[in-house]
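Here is a note in numbered points for a colleague who is starting out. Please keep the sequence and the model open beside the text while reading.

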Amino acid sequence: MTTSFKPQKGEATLRKKVLTWAFAVAIPVLIAVGFLMVWSLDARSDLARATDNFVEEQRMADRIHRGVMRQLTGIAVVPAGDRERTRDEFWVAGEEVHHQIRRYLFRDLSLEQRVHLEEMAEEHQR
């Protein structure tokens, strides 16, 4: 005895409603997921750019700090017979500090940051 399943008229309508509802929900969900993916990629790109800028600023600040420390160390431990070499090292370190400060000034800084950095450069020159 074989029975064939033939949907009744009400069952076909219900199946059509379920499929229609599923597509109606699936399409906005897929659009939302696509939007979130694009948004997250943009956010990741912005974060990577900000991180790169921060790291570069830190490197410049480290170089400035290292140069100043080399100058201070050179002054503090001036060898008795090697004053000329110490003076040359002092000037080389000072030039590196000045170069890094100039590089930093080319960055996008607020007026307050720029004034503070220029004051620091003047103090360093003294």
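1. Helices (H or I, at least four residues) and strands (E, at least two) are DSSP runs, numbered from the N terminus. The model is a predicted one, in which local features need pLDDT of at least 70 and side-chain atom pairs count only at pLDDT 80 or more, while totals for chains, interfaces and linings use all residues. Residues are numbered from 1 along each chain as its sequence is written, and side-chain values use heavy atoms, with hydrogens and water left out.

2. The protein chain has three helices and zero strands, and from the N terminus on its elements follow the order α-α-α. Among contacts (heavy atoms within 4.5 Å) with a separation of 6 or more, 51% are between residues 24 or more positions apart.

3. Of the 126 residues in the protein chain, 13% are buried, where buried means under 20% relative accessible area, exposed means over 50%, and partly exposed lies in between (1.4 Å probe, protein chains only).

4. The structure holds two salt bridges, a salt bridge being a side-chain nitrogen of Lys or Arg within 4 Å of a carboxyl oxygen of Asp or Glu. One of them joins the side chains of Arg-49 and Asp-46 at 2.6 Å, N to O; both residues lie in helix H1, three residues apart, which is about one turn of the helix. Arg-49 is partly exposed, with a relative accessible area of 46%, and Asp-46 is partly exposed at 45%.

5. In another salt bridge, the side chains of Arg-103 and Glu-56 meet at 2.6 Å, N to O. Arg-103 lies in helix H2 and Glu-56 in helix H1, so this pair ties together parts that are 47 residues apart in sequence. Arg-103 is partly exposed, with a relative accessible area of 30%.

6. Which helices supply residues to the lining of the largest pocket? Helix H1 (9-76), helix H2 (83-105) and helix H3 (111-125) each supply at least two, and the largest share, five residues, comes from H2. A pocket here is found on a 1 Å grid over the protein atoms alone, as an open set of points where a 1.4 Å probe fits, with protein on both sides within 12 Å along at least five of seven lines, and lining residues have an atom within 4 Å of a point. The lining includes Val-68, Phe-90, Trp-91 and His-124.
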